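Here is a guided walk through one protein structure. Take it sheet by sheet, then helix by helix.

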Amino acid sequence: AACGKSEDKKTSGSTSDISLGFAQVGAESGWRTANTNSIKDSASEAGFDLKFSDAQQKQENQIKAIRTFIQQKVDVIAFSPVVESGWDTVLKEAKDAGIPVILTDRAVDSKDESLYVTFIGSDFVEEGKKAGQWLSDQYKDASADVNIVELQGTTGSAPAIDRKAGFEEAIKGNSHLKIIASQTGDFTRAKGKEVMQAFLKANPKIDVLYAHNDDMALGAIQAIEAAGLKPGVDIKIISVDAVHDGMQAASEGKINYIVECNPLLGPQLMDAVRDVLAGKTIEKRIVTKEGTFTSEEAKAALPDRKY
Ligand code: AHR
């Protein structure tokens, strides 16, 4: 029936009765809020009937939401998978129901690429490499060990896995750069603060913090200040995202370098929905374009930042 419905839309060209089910990860970070707003705004501009579900960072909730979308016979399902593994069964159910699936933001590790139409989002390995490259450049003349602590994103998520791998790859040429502690902060401010407190207690000399997102860096900054240290000076900080609060902290010199991860995926997603329903061929991988910001660059960019 879902296929039949899509057929009608292909021929009638109408968008007003297109339904899109979107299963979001949660509301764990400033990035996620900006991403949700982008999807809701773009769906409403496109005139699509958006069915939005918030999984509160739990895979089981996302799977439930996808199954509900299948029952509701939506035209297209899109989602940002909280973790990489464990999607094959539910994706197969969507495929059997004839409902195309679009991945946004995060990838799945399914071997069968026919289970989804396309994956729109950042190259997280590249983001990690940019972070590591900047650090390597900063410490290229180091003659003593540089102690790095790492706040990882949600365990098992594509950005946590890839940002770690990319960073390690980029710093491996400089033997003075040492990751002395690495733990998940679940992409949240509260957890970032809590884990940083523990890092500070256990490690007398921390030179650098690499946080997989701005929110964890912002939480860690609170812990660093509470310990009587100056973020950005006593401990250099690198993070990923470039959301407003992160850019604000960077412009104040508390974060030294931010690698951008663009959350404004809504317009590209709506284009993909239109294209898939029109029977057009879509690229299997659509990579988002992103930059980087030093403190100075963050200060200059902040007034025009949209999120
Ligand atoms: O998947 C993108 C990541 O998820 C963002 O970097 C992080 O802030 C968010 O929670």
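What follows describes the sheets and the helix pairs of this model. The model is predicted.

Begin with the record. UniProt, in an unreviewed entry, places the feature "domain: Periplasmic binding protein" at residues 26–280. Over residues 26–280 the chain is 45% helix and 18% strand. The end C-alpha atoms of that stretch are 31 Å apart.

Now turn to the strands. Strands of a sheet pair through backbone hydrogen bonds, either parallel or antiparallel.

Find Gly-21: its bridge partner in β3 is Ile-77.

Another open sheet is formed by six strands in the order β7-β6-β8-β9-β10-β12. Here the pairing is mixed. The edges are β7 (177–184) and β12 (292–294). Each has a single partner strand, so one side of each is left without a neighbour in the sheet. Neighbouring strands of this sheet are turned by 15° against each other on average, direction ignored.

Follow the sheet to β12. This strand pairs with β10 (residues 257–260) in the antiparallel sense, over three bridges. Ile-258 stands opposite Phe-293 in β12.

Helix α8 lies across β6 (146–152), β8 (208–211), β9 (236–241) and β10. It runs at about 145° to β8.

Next come the helix pairs. Two packed helices are described by the angle between their axes and the distance between the axes.

On the α7 side, the contact residues include Met-196, Gln-197 and Leu-200. On the α8 side, Leu-218, Ala-220 and Ile-224 are among them. By class, the contact of α7 with α8 divides into nine nonpolar, four polar and four charged residues.

Move to α5 (residues 124–138) and α6 (residues 158–171). They pack at an angle of about 35°, with their axes 6 Å apart. The crossing of α5 and α6 is also right-handed. Residues of α5 in the contact include Phe-124, Val-125 and Leu-135. Their counterparts in α6 include Pro-159, Phe-167 and Ile-171. The contact of α5 with α6 has ten nonpolar, five polar and seven charged residues.

How far apart are the axes of α3 (residues 59–71) and α4 (residues 88–96)? They are 10 Å apart, and the helices pack at an angle of about 10°. That makes α3 roughly parallel to α4. In this contact, Ile-63, Ile-66, Arg-67 and Ile-70 of α3 meet Val-90, Glu-93 and Ala-94 of α4. Five of the contact residues are nonpolar, none is polar and two are charged.

How values were computed. Residues are numbered from 1 along each chain as its sequence is written. This is a predicted model: local features need pLDDT of at least 70, side-chain atom pairs count only at pLDDT 80 or more; totals for chains, interfaces and linings use all residues. Two residues are in contact if their C-beta atoms, placed from the backbone, lie within 7 Å. Helices (H or I, at least four residues) and strands (E, at least two) are DSSP runs, numbered from the N terminus. Ala, Val, Leu, Ile, Met, Phe, Trp, Tyr, Cys and Pro count as nonpolar, Asp, Glu, Lys and Arg as charged, and the others, Gly among them, as polar. Two strands pair if DSSP finds at least two bridges between them. Axes are lines fitted to C-alpha atoms, for helices over the stretch in contact, and angles run from 0 to 180 degrees between N-to-C directions. A crossing is left-handed if the near helix is turned anticlockwise from the far one by less than a right angle, and right-handed if clockwise. UniProt positions are given in the numbering used here, feature names are shortened, and annotations may be inferred rather than shown by experiment. Angles under 35 degrees count as roughly parallel, over 145 as roughly antiparallel, 65 to 115 as roughly perpendicular and the rest as oblique.
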